[in-house]
Amino acid sequence: MLVSEVMTKDVKTINPSETVLEAASRMIEFRVGCLIVVEGDRLAGIVTDSDILEKVVAENKKASDVLVNKIMTKKLIMIEEDKDISEAAELMEKTHIKKLPVISGKKLVGILTAADLASAQPKLIEKISALMLFPKPRKNVAG
């Protein structure tokens with residue numbers, strides 16, 4: 001199963017010059033745990049709910065005074081949409097991340113989360129079951 005079949009296509013983004021308060025508000029509005037930080041057409045980073053908790057709330061900073069570019073993760077780990085989800089899962093496990101931006105070339109096309117991978121499991125089981133329970137009819141060949 002490919003990443004493109006499981007990923008979330010409606011990726012929420014934010015500009016690095018916006019405040020953490022704006023980021024938090026957007027996360028709440030869209031019920032997401034991260035925003036991809038974009039500057040024009042360039043992917044600049046990712047900001048997560050954990051970043052906000054650890055780098056703003058826990059340090060008693062005022063969210064309206066802190067810019068996203070001060071707390072975002074700048075080194076993005078990404079995956080191409082045509083990769084297999086097992087490769088994505090391995091990458092996420094190896095790098096200890098739960099949210100993986102998905103690209104096609106250099107263009108952001110989606111995001112793959114741990115929840116997306118978990119929801120793919122029943123689809124995989126369904127496909128395997130179909131293969132096992134309903135094999136293709138064999139053609140009789142005289143021999």
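A nonpolar core is a set of buried Ala, Val, Leu, Ile, Met, Phe, Trp, Tyr and Cys residues joined through side-chain atoms within 4.5 Å. Buried means under 20% relative accessible area, exposed means over 50%, and partly exposed lies in between (1.4 Å probe, protein chains only). This is a predicted model: local features need pLDDT of at least 70, side-chain atom pairs count only at pLDDT 80 or more, and totals for chains, interfaces and linings use all residues. Residues are numbered from 1 along each chain as its sequence is written, and side-chain values use heavy atoms, with hydrogens and water left out.

**View 1. The largest nonpolar core has 14 residues.** Ile14, Val37, Val47, Val68 and Ile71 touch the most other members. Helix 2, strand 2 (34-39), strand 3, helix 3 and helix 4 each supply at least two residues of this core. Helices (H or I, at least four residues) and strands (E, at least two) are DSSP runs, numbered from the N terminus. Helix 2 gives the most, with three residues. A second, separate core has 13 residues, including Met7, Met92, Leu100 and Ala120. In soluble globular proteins, nonpolar side chains tend to be buried together.

**View 2. Ile14 and its contacts.** Contact means heavy atoms within 4.5 Å. Leaving aside neighbours within four places in sequence, Ile14 is in contact with residues including Leu35, Ile36, Val37 and Val38. Also among its contacts are Thr19, Val47 and Val68.

**View 3. Helix 3 (residues 49-57) has a buried side.** Asp51, Ile52 and Val56 are buried. These three cover an arc of only 95° around the axis, which puts them on the same side of helix 3. The arc is that of the directions from the helix axis to the C-beta atoms. The face turned away from the buried side carries the exposed residues Leu53, Glu54 and Val57. The buried residues of helix 3 pack against helix 2 (20-30), strand 3 (42-48) and helix 4 (68-71).

**View 4. Val66 sits in the loop between helix 3 and helix 4.** Val66 counts as buried because its relative accessibility is 11%. Val66 and Val56 are ten residues apart in sequence and 7.8 Å apart in space, C-alpha to C-alpha.

**View 5. Thr19 lies in the loop between strand 1 (13-14) and helix 2.** Thr19 is buried, with a relative accessible area of 16%. Not counting residues up to four places away in sequence, Thr19 touches Ile14, Ala63, Ser64, Val66, Leu67 and Val68.
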